[in-house]
Amino acid sequence: MINAFKKLDCSEDISSVAKAKVEVKNQRNELVATQELYVVKIGRSWYVDNTNINTSALYISQEG
């Protein structure tokens, strides 16, 4: 089982890390949530590092 999880470790492939601030606004342009998070670059793509940050507050339901 340990060997199976070793294949999931891509920490050596991370070429860059950046801090970002996300702001969520509703249709009336009112700020409803903010959060700082980190993104990592693997290859040519950037990914949100959600291993230590809970981003659930950024997801809001659509207003009726």
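Biologist: Among contacts between residues at least 6 apart in sequence, what percentage join residues at least 24 apart?
Modeller: That's 32% in this protein, with contact meaning heavy atoms within 4.5 Å. Before we go on: this is a predicted model, where local features need pLDDT of at least 70, side-chain atom pairs count only at pLDDT 80 or more, and totals for chains, interfaces and linings use all residues. Residues are numbered from 1 along each chain as its sequence is written, and side-chain values use heavy atoms, with hydrogens and water left out.

Biologist: Fine. How many helices and strands are there?
Modeller: There's 1 helix and there are 3 strands, and along the sequence they run α-β-β-β. Those are DSSP runs numbered from the N terminus: helices are H or I with at least four residues, strands are E with at least two.

Biologist: And what order do the strands take in the sheet?
Modeller: The order is 1-2-3, in an open sheet with antiparallel pairing. Strands 1 and 3 are the edges, each pairing on one side only. Neighbouring strands are turned by 30° against each other on average, direction ignored; the axes behind that are lines fitted to C-alpha atoms, for helices over the stretch in contact, and angles run from 0 to 180 degrees between N-to-C directions.

Biologist: How many bridges between strand 1 and strand 2?
Modeller: 11, in the antiparallel sense, with strand 2 covering residues 31-42. Two strands pair if DSSP finds at least two bridges between them. As an example, Glu-23 has Thr-34 in strand 2 as its bridge partner.

Biologist: Switching topic: how much of the protein counts as buried?
Modeller: 16% of the 64 residues. Buried means under 20% relative accessible area, exposed over 50%, and partly exposed in between, with a 1.4 Å probe and protein chains only.

Biologist: What about Thr-55, buried or exposed?
Modeller: Thr-55 counts as buried because its relative accessible area is 14%. Thr-55 sits in the segment after strand 3 (45-48). Leaving aside neighbours within four places in sequence, Thr-55 contacts Gln-35 and Leu-37.

Biologist: And where is Ile-14?
Modeller: Ile-14 is in strand 1, which covers residues 14-25. With 32% relative accessibility, Ile-14 counts as partly exposed.
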